[in-house]
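The report below describes how two chains meet in a model. Please look at the structure first, and then read on.

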Number of protein chains: 2
Amino acid sequence: MIKATVYVTIKQSVLDPQGNAVQSALHSMGFNEVEKVRIGKYLEVTLNTADRAEAESRVRAMCEKLLANTVIEDYRFELEGA
Amino acid sequence: MIKATVYVTIKQSVLDPQGNAVQSALHSMGFNEVEKVRIGKYLEVTLNTADRAEAESRVRAMCEKLLANTVIEDYRFELEGA
């Protein structure tokens, strides 16, 4: 079993309306020190395999094909387990 | 400036329909080694402060009040910067 932790974030040059909405909400609650909020996705994918190199290429393929929209999003991932 | 990286995840005992949908999609694309998918949120919050201890208590308050629904979600965060 290998657990992949995938982080999908919006590219710096792309507007993040969800982040802006959360920032406004925080301001309206009195958290005026908040300068910027960017929101992304966090995924834990458990793979039934023991081959780390294969897992890496498979997770990369999943990100490219489904988990991230690479036009506007970046992704990175970490693997743990045997 | 302190940057807080916040991870909001669904508690283990709570169903994750979004994760299940992604898992089904991955299976239908041929990624049959995927055993489980859990999806959470990843937030980068930039704070205009230099006081790390204060930043920690403020970010905890933001999580409790807005960023996480603590009935069904867990959160954790890391601070970086002076």
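Strand S2 (residues 34–47) of chain A pairs with S2(B) in the antiparallel sense over 13 bridges, where strands pair if DSSP finds at least two bridges between them, and within this pairing Lys41(A) stands opposite Lys41(B) in S2(B). Helices (H or I, at least four residues) and strands (E, at least two) are DSSP runs, numbered from the N terminus.

This is a predicted model, in which local features need pLDDT of at least 70 and side-chain atom pairs count only at pLDDT 80 or more, while totals for chains, interfaces and linings use all residues. Residues are numbered from 1 along each chain as its sequence is written, chains are lettered from A and ligands numbered from 1 in the order in which they are written, and side-chain values use heavy atoms, with hydrogens and water left out.

The contact (heavy atoms within 4.5 Å) takes 34 residues from chain A and 33 residues from chain B. Together the chains bury about 3000 Å², 64% of it on carbon and sulfur atoms, buried area being the accessible area (1.4 Å probe) that two parts lose on being put together, summed over both. In chain B, Phe31(B), Glu33(B) and Tyr42(B) lose the most area to chain A, together 21% of what that side buries.

Between the chains there are 2 salt bridges, each a side-chain nitrogen of Lys or Arg within 4 Å of a carboxyl oxygen of Asp or Glu. Glu33(A) forms a salt bridge with Arg58(B), the closest N and O atoms being 2.6 Å apart.

By class, the side of chain B that touches chain A divides as follows.

| Class | Residues of chain B |
|---|---|
| Nonpolar (Ala, Val, Leu, Ile, Met, Phe, Trp, Tyr, Cys and Pro) | 18 residues |
| Polar (the others, Gly among them) | 6 residues |
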